[in-house]
Amino acid sequence: QLRWLKHVSEVPVGPAQLPLSPHTLSFCPMTTLRCTMELDFLNFAGRAPIPAYTGVDVQPEVISRLRAMKPDRFLVVTDEAVEQHYSSYLDALGADGTPVHKYVLPCGDQCKAMKHLLGLIDWSFERGGTRSSVVVGFGGGALMNITGLFAGIVYRGFRLVYVPTTLLAMHDVTTSLKTSICHWGRKNNIGIYYAPTLILMDLAFCRTLPQDELLSGLGELCKNAALFGGDHARGFVEAFSKDVLNECTGGEPESLTLDDQDLVKLTRLGVRAKMDILCVDATENLQGMVFEYGHTFSHAMEKAYGDGTIPHGIGVCYGMLCSSFVAEKLGIMSPEARAEHDGMVRLLTDRWALPEPKPSINRIMGYAMNDSKRGILAEEPHEITDLVVSKIGRIVSDHPSNLAKFDKKYVEEWFEIMGFQWE
């Protein structure tokens, strides 16, 4: 269960307030700080709990908690967009004389390449990184993926802190032990499991997110709503209520703005969805595989269009529409249940149409048939794997991983209906 603790009075910051993770080495002497961030301990199936702090407009506390780790140097990994808009956010890290080194990567999945991983490794040695250093991942979800992999393999593990700057990274990426890069034209096929020492989330970054990034973060929340129903479905749908949209955007249907209260609520829902499962399946190989819903098809579309063309969360929503089509074809989902499921998903996809020109079905299926989940269910050559649901909140599978395999012809038919063509 999650525990959110509100700190509103002056408290000493030190080991008593920052629980040790497996990679924590030392803290600075006790200092006094007025804390405004909410603390949650993320529990991954028996591993040491990871402290995750959440707040809005909390830059001073983010800096203080980082400096409290007393590293010999900070190795900050960020991306071009964050460097352009928030380059000064972490400037105060070096105010006490601690060296701060920065490495800037391309945005999105373009950063998740072997050449960039090797570049990070060389850079860390060139800058004198040691086991007393702290790596800071400062950016979006893709940046977190490669930063976590880099931090986990050098010296068999730097201390690692995530400072996410997108909604998707806050509730979906930093709450996972998975790290990865993309290699040989495939998605997330090289990686390890590695735990951060600390997570620091300032939701103020979400106020200035481009619409694509905001919708992407909401896309993974939509997936949770379809999988678990209940509070997750209600919270997601409420974010799109007519009253909220009229108040925040003047009623413009193509624009969506969430206030701080909505952002905090949705982030908590996302974290709760992940931790309810990962507290028993830290590596997401069994129960945690539910979070792959729609991903076989979304990953294939993302790669076929080209990295960065389709925001990941939007791709997931289109993947879910494909899965529901297959579920109805298989007789698992009724037309009425599919209409309810797809109506919720289209709250997002109606705001983000697939771009033209569309890649060929041949190209998409080439990626889909080489998805990283392939082989778990010993598929036949004509079969493909994803999750299927019978209705919102009801997963259907006879395998411990919650996955299901089915004939790829149904997937191909959906792409044809969506206007994709064969070569």
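This is a short walk through one protein model, from its overall make-up to a few local features.

The model is predicted, so please take every value as computed from it. The protein has 14 helices and 14 strands. Of its 423 residues, 57% are buried. On contacts, take the pairs at least 6 apart in sequence: 76% of them join residues at least 24 apart.

Now the interior. In soluble globular proteins, nonpolar side chains tend to be buried together. Here the largest nonpolar core contains 128 residues, and Leu-90, Phe-150 and Leu-218 have the most contacts inside it. Helix H11, residues 312-329, gives this core its largest share, ten residues.

Let me stay with Phe-150 for a moment. What does Phe-150 touch, leaving aside its neighbours within four places in sequence? The list is Val-77, Leu-117, Leu-120, Ile-121, Trp-123, Ser-124, Val-135 and Phe-158.

H3 has 13 residues and spans 18 Å from its first C-alpha to its last, close to the 18 Å expected at 1.5 Å a residue. Its buried residues are His-116, Leu-117, Gly-119, Leu-120, Ile-121, Trp-123 and Ser-124. Strand S6 (74-79), strand S7 (100-105) and helix H4 (141-153) are among the elements that cover them. After H3 comes Gly-128, with a positive phi near 80°.

Next, a helix pair. Two packed helices are described by the angle between their axes and the distance between the axes. For helix H7, residues 230-238, and helix H9, residues 260-278, the angle is about 150° and the axes are 10 Å apart. Angles over 145 degrees count as roughly antiparallel, so H7 and H9 are roughly antiparallel to each other. Their crossing is left-handed.

Last, one histidine. His-341 sits in helix H12, residues 335-349. Is His-341 buried or exposed? His-341 has a relative accessible area of 0%, and the cut-off for buried is under 20%, so His-341 is buried. Not counting residues up to four places away in sequence, His-341 touches Ala-226, Tyr-293, Met-320, Ser-324, Met-333, Val-389 and Ile-392.

How values were computed:
Residues numbered from 1 in each chain as written. Predicted model: local features only at pLDDT ≥ 70, side-chain atom pairs only at ≥ 80, totals over all residues. Heavy atoms only, no water. Helix = DSSP H or I, 4+ residues; strand = E, 2+ residues; numbered from the N terminus. Expected span 1.5 Å × (residues − 1). Buried < 20%, exposed > 50% of the residue type's maximum accessible area, 1.4 Å probe, protein only. Contact = heavy atoms within 4.5 Å. Core = buried A, V, L, I, M, F, W, Y, C linked by side-chain atoms within 4.5 Å. Axes fitted to C-alpha atoms, helices over the stretch in contact; angles between N-to-C directions. Parallel < 35°, antiparallel > 145°, perpendicular 65-115°, else oblique. Left-handed = near helix turned anticlockwise from the far one by under 90°.
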